[in-house]
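Let's take a walk through a protein model together. Have the picture ready to turn as you read.

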Amino acid sequence: MKALETGLTESKKQKGIQAAAWILAWIMAFGMLLQAPLFVNAAVNCKSLCQAALKETGGESRLKYQSKKAEDFGGFSASDREKVSSIMYVCDEKEAYSLCVAKASSSSGAADLLKSLKSYKSSNSSSDYLSDYSKEEQKVFKNALCGRKGKYVWYIAMSSKKSENKKGQTALKEKLS
């Protein structure tokens, strides 16, 4: 009789262990599903966003310089640079054709950086500064685009045609989705 009771108790213990194992397995599987989007977006960074925009806008042959330093991009002040956690900036030798993608350290920082980019675009496209540039290069400044999504901001001046710059912006936004 004692052996029968012990057998039943062992059977109940095994069923309890199996149930706990199944619950743990389901929790782990669900947790992995929740993390899956994080792995997909792990490849998104300033460099990959810059590459996506460049692929759509063309003009890579004009670009001579690249930098991962916020101080190399003229659109950010010293206080703006403190809000940048990473950046990719590419440009030609005159900085007329350029593309900058920056990630802010916070969403409010991104909002501030976008304001600075808009101000930079405005001042570059309506100043005496442009007299040193060809008519085509002046159009590049005037048709540049600025934008923001989440913590990322960008400045795209890769073409004198706004529609070409928009293609780059669309590619960038799709990569961030």
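We will begin with the sheet, then visit a hairpin, and finish with charged side chains.

A word on the model first: it is predicted, so local features need pLDDT of at least 70 and side-chain atom pairs count only at pLDDT 80 or more, while totals for chains, interfaces and linings use all residues. Residues are numbered from 1 along each chain as its sequence is written, and side-chain values use heavy atoms, with hydrogens and water left out.

Start with the sheet. Five strands make an open sheet in the order E1-E2-E3-E5-E4, with antiparallel pairing. Strands E1 (65–67) and E4 stand at its edges with a single partner strand each, so one side of each has no neighbour in the sheet. From one strand to the next, the twist averages 10°. The names come from DSSP runs, numbered from the N terminus: helices are H or I runs of at least four residues, and strands are E runs of at least two. Two strands count as paired if DSSP finds at least two bridges between them.

Helix H2 (residues 46–57) lies across E2, strand E3 (98–104) and E5, and runs at about 150° to E3. For such angles, axes are lines fitted to C-alpha atoms (for helices over the stretch in contact), and the angle runs from 0 to 180 degrees between N-to-C directions.

Strand E4 (residues 145–149) pairs with strand E5 (residues 152–157) in the antiparallel sense over five bridges. These two form a hairpin with two residues between them, and Gly150 in the turn has a positive phi of about 65°. Lys149 stands opposite Tyr152 in E5.

Lys151 lies in the loop between E4 and E5. Is Lys151 buried or exposed, or something in between? With a relative accessibility of 35%, Lys151 counts as partly exposed; buried means under 20% relative accessible area, exposed over 50%, and partly exposed in between (1.4 Å probe, protein chains only). Not counting residues up to four places away in sequence, Lys151 touches several residues, including Ala102, Ser105 and Ala110. Contact here means heavy atoms within 4.5 Å.

Next come the charges. Side chains of opposite charge can pair when their charged atoms come close. A search of the whole structure finds three salt bridges, each a side-chain nitrogen of Lys or Arg within 4 Å of a carboxyl oxygen of Asp or Glu. In one of them, Lys83 meets Asp112 at 3.1 Å, N to O. This pair links distant parts of the chain, with Lys83 in the loop between H3 and E2 and Asp112 in helix H4 (residues 107–125), 29 residues apart.

Glu137 forms a salt bridge with Lys94, their closest N and O atoms being 2.9 Å apart. Here too distant parts of the chain are linked: Glu137 is in helix H5 and Lys94 in the loop between E2 and E3, 43 residues apart. Glu137 is buried, with a relative accessible area of 10%, whereas Lys94 is partly exposed at 34%.

Glu164 also forms a salt bridge, with Lys167, at 3.3 Å between the closest N and O atoms. Both lie in helix H6 (residues 162–176), three residues apart, about one turn of the helix.
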